[in-house]
Amino acid sequence: MSGGASLSVTGPGMAVEIAGIRMRNPVMTASGTFGYGPEYADLVDLNALGALVVKGIRMEPWEGNQPPRMVEVQGGLVNAIGLQGPGVDGFVRDYLPFLRQFSTPVIVNIWGRTLEEYGEVAAAFDGVDGIAGIELNISCPNVKEGGIAFGTDLQMASQVISRVRQSTRLPLITKLSPNVSSVGRFARTAQDAGSDAISLINTLPALVIDVETRRPVLSNVFGGLSGPGIHAFAVRQVWDAAQAVTIPIIGMGGVTDAQGAIELMLAGASAVAVGTASFTDPSTVISVIEGIQAYLVRHGMRDVRELTGAMVRK
Amino acid sequence: MKQEQAIIREHRAFGCGYRLLVFDCQPIAAAALPGQFVHLRVPGLDGSVLRRPFSIYRADGACLSILYKQVGKGTREMAALPVGQAVSLLGPLGNGFPMPTGQAVPVLVAGGYGVAPLCLLASRMATTGILFVGGRTAADILCIEDFERLGWDVCVATEDGSLGTKGRVTDALDPWLAERCRQAAPPPVFYCCGPDGLLRAIDVRAVKGGWLGWLSLDKHMGCGVGACLACVQRVRVKDGGSQWKRVCKEGPVFEAGEIFWDYGVKADNA
């Protein structure tokens, strides 16, 4: 075992396997909050992470939105970065050689603007050395279908997941949109379309207005809300999804400490991701790993997998 | 770049509504270069998820200082921090100011407490130069004694005329520049920190005169380490195109002529 936060011989088991990806512990980074890895490498031992999920990548480089792109709100932040990114080739050229130095599984978060592009991106990563799996962001608008987000329509969600499934042999984690009336139905659709795991929640739709100017603060007008304010909602969404599927769930949304991570696991997640909290304190992901270990010891549990779905109903 | 629990050694009013915070923080202080910043987690700021970036005002030996003014809930909470309190700092972050080379005379231009990083810069320069500092009123003019102690010339401009030249800082700068041109004196190299309007005014003068200039931008930041892409600034690139650069990572100091100020601004047809 390598890495500072891996299990010791006598400590509780921390390893998990999600979608065939073996992780030394169940704590990952959430896409978009940890860059592509090198940004935090001075501050966080990347070999201590369960998995590293990089910022979203489409086929070509993408400029994202005009600033202002982010605004802090009570209990979180609203962002409309607009998925700025280097494209597949840029990522493979500029970041992957760095990431290959580490033993931590690297999961690429992918997105597209059309069904076809999703398939292309997935195919482009298939067989690339140093990629452990794909996280599929389906919360993007389908430009060929009037801009409706793939992830908010059951049929479109099924199509895009199937397309990606056919385009890659890599483990496939579908990241669900929370902007739906029944997350369970979408979770089930993701499973039926061939996902090996699901992750949730993505950011919640949000709007922040400057009351002095009466204008929206973000140039994109709308953004996505993340941070501790969405945590309880995330726990409920994970619970609902867990009732609908048998594939593993990666829970995220407002995790700032081990307690938040454990809650998501008790609701049904097999792994968790730390997102916005990395901005507040880059070492959060490490303290969450250590805190889960301490919790297991304190509760006499031998393996972190015992937490999954272990909420006791009143 | 390091993350440290810095202990507050000194915290006091600095005059004119500004406050000075001095930290015991050798690892960051020893590495800090003029123009770099620290990203500070305000203790006890409930409901807040973002750190706050501050220019480094002084960095000597084991101590690191910042200046701030109470402008929002973050800085209001900071004002209550007691000596001895531990505060999480990330730093030093970003790229600092390149030092002048050759015959160029450093011309530092500051708006308000944009003067803070220029103090550190002047203290690290092998030569002396001139500081132009502007503000709305005399109360906005800080730190000029730091420059005078180092043997720098100081020119003050205030919009209400309560100190120095009445008007904007460029109203003091422009005649000085014109005089130097007449005398065929060595070229200036600008170092500017302040509001966008001032940065832009210096940018225009540097480009027009064919002089080197370094502009330190102040943008709302998320992570501070280049991961979130919130603080991007459009810059021109050599091939004639433009691209986003991260103010926290590739900045906060940019070269004059590089910044694409009006990128994406729609023409006003109203």
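Me: Let's start with a definition: a residue is buried when its relative accessible area is under 20%. Which residues of helix H5 in chain A are buried?

Reply: Happy to begin there, and please keep in mind that this is a predicted model. In H5(A), the buried residues are A:Val183, A:Gly184, A:Phe186, A:Ala187, A:Thr189, A:Ala190 and A:Gln191.

Me: How do you know whether A:Thr29 is buried or exposed?

Reply: The relative accessibility of A:Thr29 is 1%, and the limit for a buried residue is under 20%, so A:Thr29 counts as buried. This threonine sits in strand S3 (residues 27-29) of chain A.

Me: What surrounds A:Thr29 there?

Reply: Leaving aside residues up to four places away in sequence, A:Thr29 touches A:Phe34, A:Leu49, A:Ala51, A:Leu52, A:Val53, A:Ala273 and A:Val274.

Me: Over in chain B, what makes B:Trp152 buried?

Reply: Its relative accessibility is 4%, so B:Trp152 falls under the limit and counts as buried. The tryptophan lies in the loop between helix H4 (144-149) and strand S10 (153-158) of chain B. Among the residues it touches are B:Pro106, B:Leu108, B:Met125, B:Ile130, B:Leu131 and B:Phe147. B:Leu131 is 21 residues from B:Trp152 in sequence, yet their C-alpha atoms are 7.1 Å apart.

Me: Turning to helix packing, why is H1(A) called roughly parallel to H3(A)?

Reply: H1 (residues 87-94) and H3 (residues 115-125) of chain A pack at about 20 degrees, with axes 10 Å apart. That makes H1(A) roughly parallel to H3(A), because the term covers angles under 35 degrees. Their crossing is right-handed. A:Val88, A:Phe91 and A:Val92 in H1(A) meet A:Val121, A:Ala124 and A:Phe125 in H3(A), giving six nonpolar, no polar and no charged residues.

Me: What makes H3(A) and H4(A) roughly parallel as well?

Reply: The axes of H3(A) and helix H4 (residues 154-167) of chain A come within 8 Å and cross at roughly 30 degrees. An angle under 35 degrees counts as roughly parallel, so the label applies to H3(A) and H4(A) too. This crossing is right-handed. Residues making the contact include A:Glu116, A:Tyr118 and A:Gly119 of H3(A) and A:Gln159, A:Arg163 and A:Ser167 of H4(A). By class, the contact has six nonpolar, three polar and two charged residues.

Me: What makes the backbone of A:Val221 and B:Ala184 worth a look?

Reply: Most residues other than glycine have a negative phi. A:Val221 has a positive phi near 70 degrees, and B:Ala184 has one of about 55 degrees. A:Val221 lies in the loop between strand S13 (215-216) and strand S14 (222-226) of chain A, while B:Ala184 is in the loop between helix H5 (169-182) and strand S12 (188-193) of chain B.

Me: Why is A:Val221 called partly exposed and B:Ala184 exposed?

Reply: Exposed means over 50%, and partly exposed lies between that and the 20% limit for buried. A:Val221 has a relative accessible area of 30%, so it is partly exposed; B:Ala184 has 67%, so it is exposed.

Note on methods
Residues are numbered from 1 along each chain as its sequence is written. Chains are lettered from A and ligands numbered from 1 in the order in which they are written. This is a predicted model: local features need pLDDT of at least 70, side-chain atom pairs count only at pLDDT 80 or more; totals for chains, interfaces and linings use all residues. Side-chain values use heavy atoms; hydrogens and water are left out. Axes are lines fitted to C-alpha atoms, for helices over the stretch in contact, and angles run from 0 to 180 degrees between N-to-C directions. Helices (H or I, at least four residues) and strands (E, at least two) are DSSP runs, numbered from the N terminus. Angles under 35 degrees count as roughly parallel, over 145 as roughly antiparallel, 65 to 115 as roughly perpendicular and the rest as oblique. A crossing is left-handed if the near helix is turned anticlockwise from the far one by less than a right angle, and right-handed if clockwise. Contact means heavy atoms within 4.5 Å. Ala, Val, Leu, Ile, Met, Phe, Trp, Tyr, Cys and Pro count as nonpolar, Asp, Glu, Lys and Arg as charged, and the others, Gly among them, as polar. Buried means under 20% relative accessible area, exposed over 50%, partly exposed in between (1.4 Å probe, protein chains only).
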